[in-house]
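I opened this model to look up its sheets, its chain contact and a few single residues. My entries follow in the order in which I made them.

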Number of protein chains: 2
Amino acid sequence: MISLSSIQEAAKRIDSVIINTPLLESDFINKRSGGRILFKPECLQRTGSFKLRGAYNRIAKLTEAERKRGVVAFSSGNHAQGVAAAAAQAGTTARIVMPEDAPAIKIENTRSFGAEVILYDRATGDRAQIAKDIANETGAVMIAPYDDYAIMEGQGTIGLEIIESLRAKGLTTDAVICPAGGGGLLAGTSTAIKALSPETCIYSAEPEGFDDTARSLLAGQRLENAPGQSICDSIVTHRPGELTFPINQRNVTGGLVVTEDDVRLAMKAAFENLKLAIEPGGAAGLAAIMNGQYDCSGKVVVVILSGGNLGAGDFANHLNAAPG
Amino acid sequence: MISLSSIQEAAKRIDSVIINTPLLESDFINKRSGGRILFKPECLQRTGSFKLRGAYNRIAKLTEAERKRGVVAFSSGNHAQGVAAAAAQAGTTARIVMPEDAPAIKIENTRSFGAEVILYDRATGDRAQIAKDIANETGAVMIAPYDDYAIMEGQGTIGLEIIESLRAKGLTTDAVICPAGGGGLLAGTSTAIKALSPETCIYSAEPEGFDDTARSLLAGQRLENAPGQSICDSIVTHRPGELTFPINQRNVTGGLVVTEDDVRLAMKAAFENLKLAIEPGGAAGLAAIMNGQYDCSGKVVVVILSGGNLGAGDFANHLNAAPG
């Protein structure tokens, strides 16, 4: 189980490796929202997303014997880069199972951290099985993307930093809005926030059609998404995690759901007003306040921008396709 | 004249209004450069550029009588927004003279801070004269873009923050590279850095054809640029400032010069590796290390990214036009 103190321990463990990202705000976004919106831009984190936090916390806990055998993970994107960079930093080897049609830049970046990339065919291969086979054959330790308390503790350091930064500004926050895939970022962050600021409400943000967290919270059990594609690929999972979901059930007030057009508008607003490149999944929280689903009038709200890994061409296409 | 202590006074004066921007770095840019490059991203500053620092420091020093009469400035971009936001924060009124063909978003943003925008025709009007006439008629105080010690002191707070952030990381820096237009940012920053870290070398970065600072430093006197257009409009001036130049002569080791293609490549690298939207002028320092003019091998180098105010369409066009 995770707790405030285990997240505080994680913060010490990862301190020298990660960037304590600032809280940013825009006068224009504030004015339009009628509240005060503070952004936690994890696109500015090393590897371009929050994933390094959890991956490094997990890998730093390996025994000496495990460290010698290395780690293995499967991911098409942010977790791949997070694990690769964390392994390099911890002085262990990483094997990352990635789909052969993953964006070239993501494969290249993962390799550039010194990881061995094992490509598989999405149509015929099962990436979890391939990774498990590697773990069994080599003794490498599997680094799960979210269903692992050490991963959640690492992501939870974002919650500690949010509260510290707010205190330095003399502020408290009414709400924290957090993109949700498997729910590891949400579980870690909400645990830290609820411990330090119990009156703050936590909301998840997800794309339409992949709103498993929102539906599961309402149903009181883990529901699945129908198969499909989303521009928010970095936060799309089949269903909430087994370990993350009970934590989120306890901490989260509700699930916000956004359309792809909402997400594109949010990406454009982040570019124009915050000067940040946000990937679609990373913009889901901002999309949820811009579409009016969460009303910020008179409130202080923290929105987590979870990552910024996308190519220049895709970025331009999304901004061009934004309505209005 | 400006000094370390006058810049430290400015830092206290502007503390509650500005963002202390973090130092960011990219594993990929570090690897390619052979050194360690730390970026000071003033695109993340309120109003999207460093200009708020100097403008607020100047306006905060107004007497009560001056404050009642308001301020006036001329600018087509970053200084306009900086003065407008600073005036609003200080509770005074601002009139900003802008060319009628300035990007709509910049005019809109300036108005959105509550400033009155006075449009003029570039072909027939003289913006400095229009602003002077307004000052004479209304008693409003002219807020100069760089040739004013209070402005330089405000910009110099960037130098203080750089040294503080480096110390927190246990680092010193071999060089600081800073975009230069009229030279206010350069004068303020270099004064702070030289006082706190005398062994650090300071370099200006400018676009080809508008390298008045580089040429003037070599010639020992203020030289002019030939008239013309540059994509780096935010850092193009006719010649170095009268008050800024002697300070820069004392502090600056040399002037780096970049092409427009260098700038586009730097904008793309900042997007891909730092997840930041940098305007062309703001990317001149990064361009100067990417084009190899300043060799970073084995060094710690701080690069100031001075602003990020540009439209989505222009941004996409620059990234598409980047060579390679």
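I count two strands as paired if DSSP finds at least two bridges between them. Helices (H or I, at least four residues) and strands (E, at least two) are DSSP runs, numbered from the N terminus.

Ground rules next. This is a predicted model, where local features need pLDDT of at least 70, side-chain atom pairs count only at pLDDT 80 or more, and totals for chains, interfaces and linings use all residues. Residues are numbered from 1 along each chain as its sequence is written, chains are lettered from A and ligands numbered from 1 in the order in which they are written, and side-chain values use heavy atoms, with hydrogens and water left out.

**Confidence.** I read ipTM 0.92 and pTM 0.94 for the model.

**Open sheet, chain B.** I find four strands in the order β4-β3-β2-β5, with parallel pairing. The edges are β4 (116-120) and β5 (141-142) of chain B; each has a single partner strand, so one side of each lacks a neighbour in the sheet. Strand β2 (residues 71-74) of chain B runs parallel to β3 (residues 94-99) of chain B, and four bridges join them. Ala73(B) has Ile96(B) as its bridge partner in β3(B). Helix α5 (residues 78-90) of chain B packs on this sheet and touches β2 and β3 of chain B. The direction of the helix makes about 165 degrees with that of β3(B). Such angles run from 0 to 180 degrees between N-to-C directions, with axes fitted to C-alpha atoms, for helices over the stretch in contact.

**Strand β9, chain A.** Is β9 (residues 300-305) of chain A mostly covered or open? Mostly covered: six of its six residues are buried. Buried means under 20% relative accessible area, exposed over 50%, partly exposed in between (1.4 Å probe, protein chains only). Val300(A), Val302(A) and Ile304(A) lie on one side, Val301(A), Val303(A) and Leu305(A) on the other. In a regular strand the side chains alternate between the two faces of the sheet. Strand β1 (residues 36-41) of chain A pairs with β9(A) in the parallel sense over six bridges. There Pro41(A) stands opposite Leu305(A). Strand β6 (residues 175-179) of chain A also runs parallel to β9(A), joined by three bridges. Val176(A) stands opposite Val302(A).

**Chain contact.** I note 28 residues from chain B and 28 residues from chain A in the contact (heavy atoms within 4.5 Å). The buried area is about 2,500 Å², with 65% from carbon and sulfur atoms. That is the accessible area (1.4 Å probe) that two parts lose on being put together, summed over both. Phe28(B), Phe271(B) and Lys275(B) supply 27% of the area that chain B buries against chain A, more than any other three residues.

**Core.** Which residues touch the most other members of the largest nonpolar core? Among its 82 residues, Leu276(A) and Leu276(B) do. Such a core is a set of buried Ala, Val, Leu, Ile, Met, Phe, Trp, Tyr and Cys residues joined through side-chain atoms within 4.5 Å. Not counting residues up to four places away in sequence, Leu276(A) touches residues of both chains, including Leu305(A), Phe315(A), Leu44(B) and Leu276(B).

**Two single residues.** Thr213(B) lies in helix α10 (residues 212-219) of chain B and is buried at 4% relative accessibility. Arg32(A), in helix α2 (residues 27-33) of chain A, is exposed at 59%.
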